Amino acid sequence: MTNIPETGRTPRVQIRLVILQVLVFSLLLTLGGRLWYLQIRNGAEYADKAKNNHVQQVVQPAVRGSVLDARGVPLADNETRLVVSASRTDLMKIKDKGKDVLTRLAGILDMKPQEVMDKVRLCDAKTPQPCWNGSPYQPIPVTLQATTQQALQIRERPEDFPGITAEPTAVRRYPAPGGANTGQVLGYLSPVTDNEIQAAKTTNSPFLRSDQVGRFGLERTYDKELRGKSGVTRYEVDNLGRVIGEAKNDPAVPGANVVTSIDSRVQAVAEYELNAAMVEARKQNDRNTGVNYKADAGAVVVLESKTGRVVAMASNPTYDPNVWVGGISGKDYAKLTAKESNVPLMNRAIQGQAAPGSIFKVIPTAAAVNAGYAFDGSYPCPSSYSIGGQVFKNFESQGHGSITLGQALEVSCDTVFYALGHQQWLKDGGLKPGKNPAQIFYKTAHQFGLGAETGVDLPGEEKGRVPDREWKQRFWEANKDQWCKVGKKGGTYVELLSYENCLEGNLMRAGDAVNYSIGQGDTLVTPIQMATIYAAIANGGTLYNPTIGKAVISADGKQTQEIQPKAHGKLPMTEETRDKINGALEGVATRGTAAWRFGGWPQKQIPMHAKTGTAEVYGKQTTSWFATYTEDYTVVMTISQGGTGSGASGPAVRNIYNAIYGLDMAGKQDLSKALLPHPESALPKIQPDGSIDAPEVKPYVPPSPEDAPPPALAGPPPAPGTGRQD
């Protein structure tokens, strides 16, 4: 056998081994580098991604806290219902986009297929209600009132109802205790939107897709406290979706309870009496036209005089906030937004703006004293006041001779204030004012808080308007082009008015000043502003922010955060002036324009103060105003197109006070029937299990006609031409 020498093959083998080693080392180096890149350099990022890819979240909605009245009676709470929901995400995966599933579901729920499909479609600018304005990734409620039998049919046949769930769920409820609807004060809920979710990511109170949020009223103001924090359980799953363990569990934290200063009993009385006054006003006719009053809207506010806390707040027309629970139906939405409904969603107590008429006169009275006029001086009250060729008349053209400012308030003499307003206009320079005109009548109104928000803890408050020279200039600049376009010399009334405004709409005319002096013209106020002012007169001069929230109490009752009243100013008058105005307003209730509505009132026991107002509005019937206060409470009512102040609003305001103090129409008091003879400060107690021992609220029983006071006590209404009813 021939031997092959080793030295003949060694170089080739060595070369091959070297190449193989280089390849192996290169591969190992590549793998090592990749491993370093994945585990060291970007290890944390890929670990998080891997974890998220294998984690599923299950959300447990937090139970929303209750809104309670001052005694612990729920105004808004929750009840457990069987809720049937549809997952739009799952339905969109089906070939027909879930149409057959929703049709079968409609049959189970005794609904029309189109009705169910409308519930789960998404809202946009072109989609009418009903539709879903929440996140498309969360379950959409189809019905909140499923029966047990309906829920069982759905759960026993999951193959027929993919993406459909039927679960017991805590649902918002507005129980209206004793008939106290409190709709505009409470507000309502609707699903959180994607925009809100994105916007809330930077806050310490982010939203989950399943959250319901407050849209108006207290539900919005105290949404963060009421909402609580939803629970999230995170499960680890494998690639097949099977649960292999629990990664983390954040339990749900129930929302806190908001205790308010609202008393549901007084709220029920206020709502009933406001509506009754409007109904009665529609039966009366305007003496000037013979046409019945429309009385199309109104509001009433009841405040604690010494704190500014809101005891009751009613707005009419109103609505039932329960219609929003689970998504409003197309029928209900159309009803709420129809023109003939007259905007029931609007809270006219804080958003309704109107000329105040004679209840405004406390402001020019204070302004006159500050300008140097003596409160007890002598001022002529003729039946009319002339400026050039224009005549401004007293209500019903009644004159009262020479009277004091206090008496001018009592009999509501317009011409006294016309003269004061005109004189101040002249001092400011009239049509050609100096560089810095005093405008004391206007500046005093600002100091009273008009033209600004009161700070009430409700969203959407309007500021009203003080039509001073600065406002006139801004208004003219904003409307000049349109006026000049429409205006025509010698044309129709509107064309002529536009022509004049085009040329001189920025000028403060004498007529503007005298109209302003009695709360007319371009002056606008809200009921809450006037209630705040009259409460300040009652309490010695402090302008409090009207406050509804009284305390935030944790779900278990262990933590309480009280909400203290805050003030935003003091009345611009001395204590002496305040006392004299206070005395004059007492005279209004005892011998002035409101006396016929307070016949038999126990004046020595519970001193009553009042001011009536009948505001004239161009193109409409007069607005009724009635502002009143005692040491304890302030009540202001207004009725749009309702007639005179004391004529339309007077009886209702009297009945509210009677219910609060336990009085009959003859002035006899029965404390066992009194709702709130004095404001209460104690907070309701919430037990560790969340229960509240709330007292029963009985429906309000209005006084019968037989309860009216004897004529000797009530006194007749002022006859036309002999006195005022404004």
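Reader: Which residues do ring pairs link into a cluster?

Author: The cluster holds F598, W601, F626, Y633, Y657 and Y661, linked by ring pairs. Keep in mind that this is a predicted model. A search of the whole structure finds 15 aromatic pairs.

Reader: How is such a pair described?

Author: Two values do it: the distance of the ring centres and the angle of the planes. Take F598 and W601. Their ring centres are 5.9 Å apart and their planes stand at 80°, so the pair is edge-to-face; the cut-off for that class is over 60 degrees.

Reader: Are F598 and W601 buried or exposed?

Author: F598 is buried, at a relative accessible area of 5%. W601 is buried too, at 7%.

Reader: What is the geometry of the pair Y633 and Y661?

Author: Y633 and Y661 are edge-to-face, with 6.1 Å from centre to centre and 70° between the planes. This pair links distant parts of the chain: Y633 sits in strand β23 (residues 633-640), Y661 in helix α23 (residues 645-661), 28 residues apart. Y633 has 0% relative accessibility, so it counts as buried. Y661 is buried as well, at 2%.

Reader: Now the sheet. How do strands pair in general?

Author: Through backbone hydrogen bonds, either parallel or antiparallel. Here an open sheet of five strands runs in the order β12-β11-β23-β22-β21, with antiparallel pairing. The edge strands are β12 (310-316) and β21 (609-615), each pairing on one side only. On average, neighbouring strands are turned by 5° against each other, direction ignored.

Reader: How many bridges join β11 to β12?

Author: Six bridges join β11 (residues 297-304) to β12, and the two strands run antiparallel.

Reader: At what angle do α14 and α22 pack?

Author: Helix α14 (residues 362-370) and helix α22 (residues 575-590) pack at about 145°, with their axes 11 Å apart. The crossing is right-handed. On the α14 side, the contact is made by V362, T365, A366 and V369; on the α22 side, by T577, I581 and L585. By class, that contact has five nonpolar, two polar and no charged residues.

Reader: What backbone values do most residues and peptide bonds have?

Author: Most residues other than glycine have a negative phi, and most peptide bonds are trans. Now look for departures. The peptide bond from N316 to P317 is cis, with omega near 5°. P317 lies in the loop between β12 and α12 (330-337).

Reader: Where is A176, and what is its phi?

Author: A176 is in the loop between β5 (164-173) and α7 (183-186). Its phi is positive, about 50°, although A176 is not a glycine. A176 counts as partly exposed, at 27% relative accessibility.

Reader: And what is the phi of T182?

Author: T182 has a positive phi of about 55°, and is not a glycine. T182 is found in the loop between β5 and α7. At 1% relative accessibility, T182 counts as buried.

Conventions. Residues numbered from 1 in each chain as written. Predicted model: local features only at pLDDT ≥ 70, side-chain atom pairs only at ≥ 80, totals over all residues. Heavy atoms only, no water. Axes fitted to C-alpha atoms, helices over the stretch in contact; angles between N-to-C directions. Helix = DSSP H or I, 4+ residues; strand = E, 2+ residues; numbered from the N terminus. Left-handed = near helix turned anticlockwise from the far one by under 90°. Contact = heavy atoms within 4.5 Å. Nonpolar A, V, L, I, M, F, W, Y, C, P; charged D, E, K, R; others polar. Phe/Tyr/Trp six-rings, centres within 6.5 Å; stacked < 30°, edge-to-face > 60°. Buried < 20%, exposed > 50% of the residue type's maximum accessible area, 1.4 Å probe, protein only. Pairing = 2+ DSSP bridges.
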